[in-house]
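Please look through the sequence and the model below before reading my notes. The points that follow are meant to be checked against what you see.

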Amino acid sequence: MKNEKLKRKVLRLVEKALDFAEKTYPTNPARAIEAVKLAVRMAQKKRTRLPPQLRRKFCRKCFTPFVGPSTFSVRVRQEASPHVVVRCRVCGNFRRYRIVKRRVELFA
Ligand SMILES: [Zn+2]
């Protein structure tokens, strides 16, 4: 129980730091990257897994926050397994996200 509370607190802090990074990046990229690093470190220290919407807000390699088209690109690939490719424009690192078809409930 207590652990849950702590994790929520950490997530709030992480969210705040990422928000700050997003706002700071256009004027001070170095500071924004430091804020992202701090956010990641906070989560790791408390062993909290970040929810996907937070995890995808920055580059996992160089910690650049993804703000605007100058920092990342998104491509949809229709191959054997359809996926989205998100590429960091700063270091070139990319991640693939599989597109999962939502199951249709026939007898709802
Ligand atoms: Zn990067």
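**Notes on the model**

1. Phenylalanine 63 counts as buried, because 20 C-beta neighbours lie inside 10 Å. Phenylalanine 63 sits in the loop between H3 and strand E1 (72-77), and its phi is positive, about 65°, although it is not a glycine.

2. Please keep in mind that this is a predicted model, in which local features need pLDDT of at least 70 and side-chain atom pairs count only at pLDDT 80 or more, while totals for chains, interfaces and linings use all residues. Residues are numbered from 1 along each chain as its sequence is written.

3. Most residues other than glycine have a negative phi. Arginine 47 is placed in the loop between H2 and helix H3 (52-55), and it counts as exposed because it has 10 C-beta neighbours inside 10 Å.

4. For the overall plan, the chain holds three helices and three strands, which follow the pattern α-α-α-β-β-β when read along the sequence. The radius of gyration of the chain is 16 Å, well over the 13 Å that the globule rule gives for 108 residues, so the chain is more spread out than a compact globule. This radius is taken over C-alpha atoms, and the rule is 2.2 Å times the number of residues to the power 0.38. Helices (H or I, at least four residues) and strands (E, at least two) are DSSP runs, numbered from the N terminus.

5. The C-alpha atoms fill a box of roughly 45 × 40 × 20 Å, taken along the principal axes, and 19% of the 108 residues count as buried.

6. Which residues touch the most other members of the largest nonpolar core? Of its 18 residues, they are Leu18, Ala21, Val36 and Ala39. The elements that give two or more residues to this core are helix H1 (2-24) and helix H2 (29-45), and H2 gives the most, with six residues. Such a core is a set of buried Ala, Val, Leu, Ile, Met, Phe, Trp, Tyr and Cys residues joined through C-beta atoms within 7 Å.

7. Alanine 39 touches Val14, Ala17 and Leu18, if residues up to four places away in sequence are not counted; a contact requires that the two C-beta atoms, placed from the backbone, lie within 7 Å.

8. The three strands form an open sheet in the order E1-E2-E3, with antiparallel pairing, where two strands pair if DSSP finds at least two bridges between them. E1 and strand E3 (94-98) stand at the edges, each with a single partner strand, so one side of each is left without a neighbour in the sheet.

9. E1 and strand E2 (residues 83-88) run antiparallel and are joined by six bridges, and a hairpin connects E1 to E2 through five residues. Among the bridge partners, serine 73 has arginine 87 in E2, and valine 76 has valine 84 in E2.

Methods:
A residue is buried if 20 or more other C-beta atoms lie within 10 Å of its own, exposed if 12 or fewer, and partly exposed in between; C-beta atoms are placed from the backbone.
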